[in-house]
Amino acid sequence: MRESVAQRLSAASSDNALELRGVTRTFGALRALDDVTLSVRPGERRAVLGSNGAGKTTLFNCITGDFPLTSGTIRLFGEDVSGFPPHERIRRGLRRTYQISLLFGRLSVVDNVYLACRGVSRGRFSMVRPRHDDVLVEAALNLVEAVHLTDAKDTRVADLSYGQQRQLEIALALAGAPRFILFDEPAAGLSPTERRDLVEILGNLPGHMGFIIIEHDMDVALRVAESVTMMHDGRIFKEGTPAEIEEDPEVQALYLGGGNA
Amino acid sequence: MALQANIGTAGLGTGVVERLAWLRRVTPGTWLVVLILLIMPAFAGDFVLFQVFGWSFILGMIGLSLMFLAGYGGMVSLVQMTVAGCAGYMVAIFGDSAITTISLGWPWYLAIPVAVVIATLFGTLSGALAVRTEGIYTIMITLAIASAFFYFTRQNYVIFNGFSGFNGVLPPALFGVDWRQPTAFYYLTLFWAALGYAIVLYVSRSPFGLALQGVRDNPRRMAALGFNVTAHRIAAYAFASVIAAVGGILLVWSNAQVSPGTAGIGPVIDILVIAVVGGLGRPIGPFIGALIYVLLRTFALDVLVALGLAGERFQLLIGLGFLVIVFWSPDGVLGLWDRLRARAERSRDVFRVNAGRGR
Amino acid sequence: MRVFVERHPIWSLLIGLAVVFALWLIFAVWPPAFLDAFGRKKIFLNALLNGITLGGLYFLVASGFTLIFGLMRNVNLAHGSLYLLGGYVGYEFADLTGYWLLAFPAAFVVVAALGVVLQLAVFRRMEGQDLRQTLVTIGISIVLADLMLWIWGGDFYQIEAPSWLSGPVETFLVSGVKRSSGEAIFLKYPAVRLAIFAASMVVGIAMWLVLNRTRIGMLIRAGVDDRDMLSATGVRIQMIFVLVFAFGAGLAGIGGVVGGTFQSMAPGEDVRFLLASLVVVIVGGMGSIPGAALGALLIGVAEQFGSVYMPTYAVVVTFLIMVLVLAFRPQGLLGRS
């Protein structure tokens with residue numbers, strides 16, 4: 001299952017950050033994903049769009065390893081991770097946010113982010129409390145500030161507002177030097193101001209951090225992405241730049257209601 | 001609670017300030033309790049020291065083991081009392097007892113660590129079996145393991161001496177002290193209970209403890225953050241088993257004997273009752289629950305007679321009391337206490353506001 | 001089953017061989033060499049039939065347990081107490097009326113009624129709080145156990161089988177050969193045990209029919225699959241819950257009458273049958289009636305063979321089966337992953 005270091009090094013230099021080949025996922029008779037092949041380069045910002053039931057979230061679940069593949073392979077930075085459990089993929093630089101925030105309700109904001117930092121570093125089983133100048137504690141505090149939650153850092157997550165929880169959701173994905181992030185409808189339920197904030201955060205991500213964003217809000221998606229993949233009924237049916245996609249007549253007919261201002 | 005210490009006083013070395021910062025969070029009420037506990041032998045009788053407090057500390061420790069798994073880990077394990085019983089049996093088998101045909105007679109500094117290691121191994125393996133299924137099955141699986149242990153020790157005569165078990169299991173006379181003397185036993189059990197309590201409290205905010213709470217709250221997210229959820233759960237069982245093992249050895253010493261009934265289904269359920277009644281939210285909960293249980297046990301006869309019932313209806317009392325708690329305060333006595341305190345604070349604030357207005 | 005054979009050819013072969021061997025053991029006349037190694041065939045057959053009939057009893061009790069869990073996610077740890085209560089009530093009724101058969105409906109009605117009360121007064125208020133429900137069932141079992149101890153004391157109560165069922169019956173199984181004439185000796189087995197096993201099979205088949213061929217059965221199966229969806233369809237789900245809990249409890253009660261006839265009723269039997277139910281559903285798969293049947297058969301036979309051929313380690317055999325299932329197929333043999 002594990003390739004040698006040499007193989008991994010040679011693969012990494014030439015390969016895509018994420019590569020799916022012939023990925024199929026069936027639930028009984030339902031083909032949620034049907035022979036999906038796509039690749040994303042390191043640092044690329046991709047949007048995956050499509051109506052409900054197109055298979056976007058299933059795609060994410062397969063990439064993270066929540067669902068095993070019925071067939072096909074997934075390569076992360078050149079390494080075949082098709083058989084790896086979720087936590088192994090995360091430790092190779094993959095991160096994900098969720099449509100409905102999955103947070104640790106009974107812990108504080110800074111505890112949540114600290115766990116995210118801890119998860120990909122050593123000492124996960126350490127029974128020694130961190131000192132106040134601990135590297136990971138500092139990293140957690142910095143992240144909390146990056147998503148504008150410093151004032152609420154000791155609040156119990158269950159007591160946060162919806163918008164604050166969504167911000168925390170992003171912070172968890174940014175912890176520990178990710179190389180590739182999957183954003184699952186990050187703008188859902190946000191106010192216009194919060195959406196502008198979100199676009200700013202996504203735009204300010206370091207250049208080497210690639211991501212795929214699933215969104216229903218075309219505005220957000222097309223503004224942050226440099227390339228778009230359209231899905232329908234578990235298949236990819238169109239790929240291109242945001243401009244190309246917006247002007248494509250098929251896409252317009254299906255999603256944009258014929259013509260876009 | 002903030003991860004980092006409050007660096008309020010500049011000028012002092014931050015290391016010292018940070019290390020002592022927790023002292024400031026200890027309330028005067030707690031200091032009073034600690035003081036009373038330390039000087040208890042000065043005014044309490046032998047019976048109270050040994051039967052009430054000694055037993056409460058022991059049962060509290062085993063209950064603490066359950067609380068760690070249930071409260072911080074979200075796993076209600078009924079195998080903790082069994083782990084304690086296993087440690088008790090091992091200390092009798094490897095150390096000294098009246099059953100010289102089986103006991104190996106190893107010195108205490110070998111027998112005790114070996115007993116703790118074997119019991120911890122047993123608890124860890126039980127955990128490994130229980131954690132790969134959905135949480136709700138944990139109670140069932142651990143109960144089944146506990147009962148298998150009970151039946152096995154009752155039927156096996158080669159290792160466990162069957163129905164009679166082992167008697168004459170005594171603590172070593174370290175420093176020339178007979179540790180089963182009430183005062184000595186009181187301090188012995190107080191020491192280990194306090195140590196267990198302190199360690200659990202400390203570990204709860206360590207990466208290990210925080211990760212365990214994360215696993216409790218959202219195992220899927222923990223996996224998506226890079227944690228091996230199954231490994232963490234099993235590690236939690238190992239940690240909890242050490243505490244239960246120590247409690248088990250003290251339990252066996254308190255009775256000077258161990259038999260299948262020590263870890264029978266009754267005691268196994270009693271530990272759950274103790275932890276739930278006290279409160280699964282904080283480590284002090286099981287000790288509160290244990291004290292209530294022990295007091296009830298000791299004075300139940302009088303209570304029952306006062307109610308006009310026969311003295312043997314103790315289990316009925318326990319069962320009804322347990323039902324009352326689960327119905328009206330599912331987070332136990334601790335939960336009740338927290339709610340009363342919150343209400344008192346609110347009415348105090350209202351009083352202040354009104355007093356301010358009245359001026 | 002075809003799918004299973006296709007997917008697991010090696011396992012199917014092994015199971016097939018085991019089945020053939022088992023059939024030979026049961027129906028063939030054992031050669032003398034085998035007899036020397038294995039002991040008398042009569043002992044083997046008795047153990048087997050005891051195991052199967054005990055399995056029938058375990059099925060009666062465990063199926064109620066698994067039904068209650070499957071639909072209402074309620075781990076009913078008071079199930080053993082319901083079993084014991086059924087046994088005591090059955091005994092009193094049979095004693096009072098002199099009719100053994102009347103003990104069954106009496107036990108069913110009383111225990112089912114208690115089930116209705118529990119579901120309406122207690123569990124309904126705690127819907128969704130799985131742990132709290134389980135804790136309540138523990139409390140109820142403590143209280144019930146002590147009340148029953150108070151009323152009936154610590155004696156052993158044995159329900160007498162009726163005269164028309166007492167005594168052995170000659171089966172078609174060959175237990176040996178008459179040395180003088182070479183004639184086959186057929187095994188004689190207590191009629192009452194065979195009758196009860198037949199009855200539990202009837203109950204099991206009836207349950208399967210109700211679950212799979214009636215409308216209410218379909219609703220129950222749908223609820224087991226997805227409780228929220230079912231209530232969203234507007235069905236009076238609370239009524240179904242009460243029905244299922246009452247039925248499951250009633251089954252435990254009937255089990256009590258059976259157990260009281262096979263063995264006896266005494267304090268401690270409640271714990272024993274609760275644990276048996278736990279192990280049976282862990283092995284067979286939670287929420288699955290066929291799983292309960294398979295698990296009950298396995299555990300019953302394993303227990304009896306263990307107690308006959310490995311008396312000091314009988315517990316280990318049952319426990320080992322449970323551990324193996326947990327290690328390699330945690331959802332149970334017929335459970336859904």
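**Nonpolar core and helix packing in the predicted model**

In this predicted model, the largest nonpolar core holds 277 residues, of which V113(A), A87(B), V91(B), A115(B), A144(B), A245(B) and I282(C) touch the most other members. A nonpolar core is here a set of buried Ala, Val, Leu, Ile, Met, Phe, Trp, Tyr and Cys residues joined through C-beta atoms within 7 Å; a residue is buried if 20 or more other C-beta atoms, placed from the backbone, lie within 10 Å of its own. Helix α10 of chain B (residues 229-255) supplies the largest share of this core, 17 residues. Helices are DSSP runs of H or I of at least four residues and strands are runs of E of at least two, numbered from the N terminus. Residues are numbered from 1 along each chain as its sequence is written, and chains are lettered from A in the order in which they are written. Local features need pLDDT of at least 70 and side-chain atom pairs count only at pLDDT 80 or more, whereas totals for chains, interfaces and linings use all residues.

Two of these core residues, A87(B) and V91(B), belong to helix α4 of chain B, where they take part in the contact with α5(B). Contact denotes C-beta atoms, placed from the backbone, within 7 Å. Leaving aside residues up to four places away in sequence, V91(B) touches A111(B), I112(B), A115(B), V169(B), I249(B) and V252(B). Helices α4(B) (residues 80-94) and α5(B) (residues 108-130) pack at an angle of about 145°, with axes 8 Å apart; axes are lines fitted to C-alpha atoms over the stretch in contact, and angles run from 0 to 180 degrees between N-to-C directions. By class, this contact has 14 nonpolar residues, one polar residue and no charged residues. Ala, Val, Leu, Ile, Met, Phe, Trp, Tyr, Cys and Pro count as nonpolar, Asp, Glu, Lys and Arg as charged, and the others, Gly among them, as polar.

Chain C contains 14 helices and two strands, and 45% of its 337 residues are buried.

Between chains C and B, 30 residues of chain C are in contact with 30 residues of chain B. On the side of chain C, α7(C) gives the most, with 14 residues. By class, that side has 23 nonpolar, three polar and four charged residues.

Terms used:
Buried ≥ 20, exposed ≤ 12 C-beta atoms within 10 Å, placed from the backbone. Contact = placed C-beta atoms within 7 Å.
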